[in-house]
Amino acid sequence: MPELPEVEAARKLAEQQVQGRQVHSVHISKDPVVFDGVPPRAFANALRMRRVLAVRRKGKYLWMELDRRPWPLFHFGMTGSFHVYQKPAARPQFWKMELVMDDGSRFAIRNVRRLGRIRLAKDPENQPPVSTLGFDALNEKLPLAAFIHQVQKRTCPIKSLLLNQAFAAGVGNWLADEILYQARIDPHRRCNRLGTDDIRNLRTSLRRIICQAVAVDADASRFPRTWLFHVRWGKDASARTARGESIRFDQIAGRTTAWVPSRQR
DNA sequence: CTCAGTGTTCAGTG
DNA sequence: TCACTGAACACTGA
């Protein structure tokens, strides 16, 4: 489930598992799609015997800081995840890269539908694709006036803007719907038609939801009961929110959008 | 068998 | 050139 909270949970897992340790050996699966044409040997050479200094994240991108460049950069796509285990036999199906650390523990990235990417970069934070991202949704520090301006200068539907990674990095489809539901804004509304009150609510809602989801390590069973999240899946026309509201499903920006007309204006 | 899907990129349009 | 939209990508599971 890789939107920002899931990616941040993966970052913490990686940090706990490999930070401060040395990579003993590297296994790479044959997958020119996920590896974006970079030859497997390049990854093995870049990682073997390197020490991991830190695991960083911006938006939905993750990378490891090593004691020598280049560094590996990961994007999960729709189905990626990190796995930690001890025995070789526990290597997960659809694994793409496995690191054996100096303490014998194993760390793998898995990607079922192959929309994820694993690359090497000299300076991930300061080169595309990471450098083209907007503010990180977990660490948004824009002054309110600047935030309002960023929204009001656009003409697309507000749902599209929330999905635009050059605006708020890390927001994906369910987060965007949750943010608009809790801010009580109709997802179809054009950005430039929103009032300052709407945008203030939007920002508050964005911050609160991301913080809460990250605080429980993206464990959906611990999201508050009132969240739309719990009832948005499956396009079930008879589904109701915890407040008893009925849900509508529309296509906006090419994505299924779940919203509550009685609450969102 | 068909289709939707938690994401990104790129061609096409105005 | 810019802002925006929709299709394509790859694969699983309902």
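Predicted model: local features only at pLDDT ≥ 70, side-chain atom pairs only at ≥ 80, totals over all residues.

Reader: Which strands stand at the edges of the open sheet, and why is one side of each left without a neighbour?

Author: The sheet has four strands in the order β2-β3-β4-β8, with antiparallel pairing. Each edge strand has a single partner strand, so one side of it has no neighbour in the sheet. From one strand to the next, the twist averages 20 degrees. The edge strands are β2 (52–58) and β8 (117–121).

Reader: Which residue in β3 is the bridge partner of V55?

Author: Strand β3 spans residues 61–66 and pairs with β2 in the antiparallel sense, over six bridges. Within β3, the partner of V55 is M64.

Reader: Which element gives the largest share of the side of domain 1 that touches domain 2?

Author: Chain A is divided into domain 1 (4–132) and domain 2 (135–259). Nine residues of domain 1 are in contact with 14 residues of domain 2. On the domain 1 side, these are three nonpolar, two polar and four charged residues. The largest share, five residues, comes from α1.

Reader: And how many residues of the surface near DNA strand C are charged?

Author: The residues around DNA strand C include R113, R114 and R154. That surface divides into six nonpolar and three polar residues, and the charged ones number three.

Technical notes. Residues numbered from 1 in each chain as written. Chains lettered and ligands numbered in written order. Near = placed C-beta within 6 Å. Nonpolar A, V, L, I, M, F, W, Y, C, P; charged D, E, K, R; others polar. Pairing = 2+ DSSP bridges. Helix = DSSP H or I, 4+ residues; strand = E, 2+ residues; numbered from the N terminus. Axes fitted to C-alpha atoms, helices over the stretch in contact; angles between N-to-C directions. Domains from an automatic or database assignment. Contact = placed C-beta atoms within 7 Å.
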